[in-house]
Amino acid sequence: MRAIALTLSLVATLVACSKDEAPRVASQGPVVHTDTGDVRGTVHSDRRVFQGIPYAAAPVGELRWAPPQPAKPWTGERDATKPGSPCPQLKSPIADLSGTNEDCLFLNVTTPARSGEKKPVMVWIHGDGAIGAGHLFDPARLAANGEVVVVTFNFRLGVFGGFGHPELKDSGTIGLQDQRAVLRWVQRNAEAFGGDPGNVTLFGVSYGATSTSAHLMSKASHGLFDKVIMQSGFTLMDMPAGATYPDLPALPWYGWTTTKDAQTQGVALAQQLGCKDLACLRKVPAAKLLAAPQVMNIFQPYALGNDQLPSDPAQALANGDFASVPVLSGTTRDEHTTFVAFFRELAGSPVTAAAYPGLLRTAFGDAAVAIEKEYPLTDYVTPAVAWAAVITDRMWAQAQLKQNQLLSAKNPLWFYEFADRNAPLDIPFPKGFQAGAWHAGDVQYLFPSGTTGMTQDQLALSDAMIGYWTNFAHRSDPNGDGLPAWPKFTTPDTVQSLAPTAIRPVDYEKEHRLAFWKALG
């Protein structure tokens, strides 16, 4: 399943280095000693930046689909002024990023310029499991304004990170293990960058938020982080028929698969490529793997029911089988507009007034009449926006409330809703489409790459959100001086709405008509 984050752009990558010697670098910039060698980064007036640091060995040859192995030490100073290669991926309508280089397990560290006492560490997992790279998110303001150390990174995507096969013990979990390797690297190296390995916040958006929930539930990750932030995750989300893609049947899990299904898909791919075993598949060039139809999307979800993840996330949360850490979690006000725009309007299957009743019948059967009465087309500017409202409430809001209620039964939790319905559009929505507070539209407020397109009120919201997020990293509570009070989540009316000039609690259940959906069963 596809989850869209920010517009991506191709950036120059590091030249591959030799096995024993670091890339040569001019003698300027700060030098930090890591457990595999020295790195020289870039110094700015308010921060220091180190890019392209290997956190694991290149996953090539026999290491393709193997758990991440230790990075090879180097001698001399490694040039850490450029990002490492993104992991293999294909261009998409929202991402001008592609490549076949499997030597891609790199991370980036941004620190405040000022030294002194150890800073909290924030580790960011980017969205989408088929596209993206860590260096595309600039944490300059998070690090400098919030006095935190921020780590972004690459991890294996799609068929390289979620592949399954009967011969593969770790079917469907390799990308997740890459993320855990980063957390272990942070434990070993954070202090060298001024960070506190005893105060680590794991945070992510969309697919990255769902990955964060996976670490919450995976005992192998416990002890490697101290709090989590989940932005628009889909840990407990199912998908009604046709809700995201036309003609796609209903799915019990939007963001997960099973080990058995991952392995079945892997066998089918092997047959397609003329391979009988894993050894043969490991010799297939990356470009040939990427050429298989939909291969990056098929293997996006992580697999449940193995030694990494439970069989049923809902049951795991209900049983309290997750790490005991503070949580900040939420959604955007209009999550599904992004998916309607890209997978219907721009894909040649627009939502029309004539099609709306049929879409409701396909998704909800006999309940369609009641749903159409609750969400009449006359209440919306277009049928597409009406359909997006239905699915936002039914899929996203319902699942998010249930998730946060289960988590908050054990852990302190702060629930938010990003509600700027005029957020800048930095992915190519259809002209004139009313995107509202779109899926992942909040990310640009935390990782602003400039002020283009933002009003002064939106910039103030960005400052407030950076304050909330970094306060949480510092003290396990988003509240702080100069910010509107944010109540701990207890009931649906204690959800913090984040909008320009309107930061305040709202009734999430009422706003998303969840009593109506609950009554439908």
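A crossing of two helices is called right-handed if the near helix is turned clockwise from the far one by less than a right angle, and left-handed if anticlockwise. Keep that in mind for the tour of this predicted model, where local features need pLDDT of at least 70, side-chain atom pairs count only at pLDDT 80 or more, and totals for chains, interfaces and linings use all residues. Residues are numbered from 1 along each chain as its sequence is written, and side-chain values use heavy atoms, with hydrogens and water left out.

**Stop one: α10 and α13**

Select residues 337-345, which are helix α10, and 383-408, which are helix α13. Helices (H or I, at least four residues) and strands (E, at least two) are DSSP runs, numbered from the N terminus. The two axes come within 9 Å and cross at roughly 125°; axes are lines fitted to C-alpha atoms, for helices over the stretch in contact, and angles run from 0 to 180 degrees between N-to-C directions. That makes α10 oblique to α13 (under 35 degrees counts as roughly parallel, over 145 as roughly antiparallel, 65 to 115 as roughly perpendicular, the rest as oblique). Their crossing is right-handed.

Now show side chains: T337, F339, V340, R344 and E345 of α10 meet A384, W387, A388 and W396 of α13, contact meaning heavy atoms within 4.5 Å.

**Stop two: α11 and α13**

On the α11 side, pick Y356, L359, L360, A363 and F364; on the α13 side, P383, A386, W387, V390, I391 and R394.

Move to the open sheet of three strands, ordered β2-β3-β6 with mixed pairing; two strands pair if DSSP finds at least two bridges between them. β2 (31-34) and β6 (77-79) are the edges, each with a single partner strand, so one side of each has no neighbour in the sheet. β3 (residues 37-40) runs parallel to β6, joined by three bridges. Select R40 to find its bridge partner in β6, D79.

**Stop four: a disulfide**

How many disulfides does the whole structure hold? A search finds two, counting pairs of cysteine sulfur atoms within 2.5 Å. Select C87 and C104, a disulfide with sulfur atoms 2.1 Å apart. The S-S torsion is about 85°, so this disulfide is right-handed.
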